[in-house]
Amino acid sequence: MKILIVGGGGREHALAWKCASAARVSEVLVAPGNAGTAAEPRVRNVAVGAEDIAGLTRLAAAERVDLTIIGPEAPLVAGVVDAFGAAGLRCFGPTQAAARLEGSKAFAKEFLRRHGIPTARSATFTRESFDAGWVRAQTAPLVVKASGLAAGKGVVIAASAAEALATAEAMFAGRFGAAGREVVIEEFLAGEEASFIVMADGAHVLPLATSQDHKRRDDGDRGPNTGGMGAYSPAAVVTPAMHARIMREVIEPAIAGLAADGTPYTGFLYAGIMIAPDGTPNVLEFNCRLGDPETQPILARLASDLTGLCEAALERRLDRERAQWDPRAALGVVMAAGGYPDSVRTGDPIEGLERAAQLPGKIFHAGTRLEAGRVVTSGGRVLCAVGLGADVAAAQRQAYALADTVHWTGVQYRRDIGFRAIARERGAPA
């Protein structure tokens with residue numbers, strides 16, 4: 001088989017690496033890829049942008065690609081799966097209509113309410129409909145979200161009504177571009193967060209390994225929200241009983257609701273879940289693709305052929321598939337450029353990658369490129385160092401041994417990824 005992976009981040013490096021490991025895969029193309037995918041065996045970067053739908057369609061046809069897997073959300077929301085389908089090309093991901101679950105947080109909140117799926121109370125506003133009195137009447141803290149795509153950064157936890165008002169005004173004024181033309185303001189939910197990702201074929205669901213992301217930039221879950229600073233799998237907070245409850249109260253109603261609405265869902269579906277103290281699995285958000293950085297530790301544990309699972313989904317036979325998992329824990333540490341998640345400097349040479357390649361674990365590239373034969377930074381989240389171990393603490397040690405081997409000017413990363421799980425392993429409160 002020849003596979004095409006669309007995207008150029010850490011998630012796409014992990015997807016390309018995993019697909020290339022399958023014996024039946026002859027070559028993996030990555031459009032556009034990064035410096036990490038360029039160095040993988042049986043992987044070839046192609047200079048086509050992830051949002052160039054016409055270019056991607058031509059590429060898949062010209063290269064006689066057997067299966068395309070879409071990494072990032074923007075091309076899905078723009079209709080890449082519909083374009084591939086019209087050209088008779090196999091592409092794993094939701095249609096443009098189904099991808100509205102991520103493309104519009106306002107749409108997702110209305111969908112959740114309509115189908116009785118637990119989520120935070122909220123209101124949606126445009127600049128014209130904005131009701132400052134409603135905001136002042138709410139109990140702080142409040143969560144203010146740009147409704148459109150904002151690369152995982154369009155969420156602000158406001159400590160007061162005044163901060164919520166100022167944040168909403170900044171979004172309306174263009175802080176997140178077109179994504180902030182519509183704003184969702186919702187109650188802050190206490191609890192512990194988990195990432196629950198499944199594969200869907202329109203009717204059936206195959207759950208992937210659970211994981212937990214760390215959204216805040218700094219240790220102790222402080223600092224601004226980011227696209228994710230690290231993740232580990234499995235997430236201990238998702239017990240077997242909680243897993244069954246999330247499937248019953250969130251995933252199954254969502255897939256059934258999408259089908260009933262005339263938009264059957266095929267692809268990866270990511271539910272960001274806040275597990276309340278009373279056990280309620282509230283949906284924080286839906287994403288219409290694999291998470292980043294959750295993908296890196298999840299795929300490090302996947303023992304099955306991912307391409308075969310994707311084919312089963314496209315052929316609507318996921319109910320006959322079972323994924324096999326490495327019993328070890330995996331943990332990924334995101335290494336970011338200085339200034340992230342705000343403006344960052346690029347073009348800094350990355351040192352130590354050759355030494356790190358000799359250590360156990362795996363470094364996945366995200367914001368990197370080749371420049372005169374050297375690997376340099378080219379984005380906010382630059383690398384993700386993934387370790388495996390008998391428990392989360394052991395996986396953490398391996399991941400940080402990798403991360404500490406690599407350096408560039410201004411590099412920053414959290415030192416406490418996995419701290420909740422490690423506390424549980426030690427018998428302390430999480």
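1. The strands here are β20 (residues 368-371) and β21 (residues 374-377), which pair in the antiparallel sense over four bridges. Two residues separate them in a hairpin, and A372 in the turn has a positive phi of about 55°. On terms, helices (H or I, at least four residues) and strands (E, at least two) are DSSP runs, numbered from the N terminus, and two strands pair if DSSP finds at least two bridges between them.

2. A word on the basis of these notes. This is a predicted model, in which local features need pLDDT of at least 70 and side-chain atom pairs count only at pLDDT 80 or more, while totals for chains, interfaces and linings use all residues. Residues are numbered from 1 along each chain as its sequence is written, and side-chain values use heavy atoms, with hydrogens and water left out.

3. Now to the parallel sheet. Five strands form this open sheet in the order β3-β2-β1-β4-β5, with parallel pairing. β3 (43-45) and β5 (91-92) are at the edges with a single partner strand each, so one side of each has no neighbour in the sheet. Within the sheet, β1 and β4 run parallel and are joined by four bridges; I5 stands opposite I69 in β4.

4. Two helices lie on these strands. Helix α1 (residues 10-20) lies across β1, β2, β3 and β4 and runs at about 170° to β1. α3 lies across β1, β2 and β4, at about 165° to β1. For such angles, axes are lines fitted to C-alpha atoms, for helices over the stretch in contact, and the angles run from 0 to 180 degrees between N-to-C directions; contact means heavy atoms within 4.5 Å.

5. Do look at α3 (residues 53-62) in more detail. I53, G55, L56, T57, L59 and A60 are its buried residues, where buried means under 20% relative accessible area, exposed over 50% and partly exposed in between (1.4 Å probe, protein chains only). Their cover includes β1 (2-7), β2 (27-32), β4 (67-70), α4 (73-77) and α5 (80-86). Just after the helix, R64 takes a positive phi of about 55°.

6. Helix α7 (residues 105-114) also deserves a look. Seven of its ten residues are buried, so α7 is largely enclosed by the rest of the structure. The buried ones are K105, A106, F107, A108, K109, F111 and L112. G116 follows α7 and has a positive phi, near 65°.

7. The antiparallel sheet comes next. Its four strands form an open sheet in the order β11-β10-β16-β17, and the pairing is antiparallel. The edge strands, each pairing on one side only, are β11 (205-207) and β17 (281-287). From one strand to the next, the twist averages 30°. β16 (residues 266-275) pairs with β17 over six bridges, and G272 stands opposite E285 in β17. Helix α10 (residues 240-260) packs on the sheet, where it touches β10 (192-201), β11, β16 and β17, and its direction makes about 50° with that of β17.

8. Between α10 and β16 there is a loop that holds T263. Is T263 buried or exposed? With a relative accessible area of 18%, T263 is buried. Leaving aside neighbours within four places in sequence, T263 is in contact with A97, A98 and L258.

9. R414 makes an interesting loop residue too, lying between α14 (392-403) and α15 (419-425). R414 has 0% relative accessibility and counts as buried. Residues up to four places away in sequence aside, R414 touches H214, R216, R217, D218, D219, G220, D221, M229, V333, Y400 and F419.

10. Finally, the second largest pocket holds about 300 Å³ of space. Of its 16 lining residues, L353, A357, K362, I363 and H365 are the closest to its centre. α2 (35-38), α13 (353-356) and β19 (362-365) are the elements that give two or more residues to the lining. By type, the lining divides into nine nonpolar, four polar and three charged residues.

11. On a 1 Å grid over the protein atoms alone, a pocket is an open set of points where a 1.4 Å probe fits, with protein on both sides within 12 Å along at least five of seven lines, and lining residues have an atom within 4 Å of a point. Grid points are joined across faces, edges and corners, and a volume is the space filled by probe spheres set on the points. Ala, Val, Leu, Ile, Met, Phe, Trp, Tyr, Cys and Pro count as nonpolar, Asp, Glu, Lys and Arg as charged, and the others, Gly among them, as polar.
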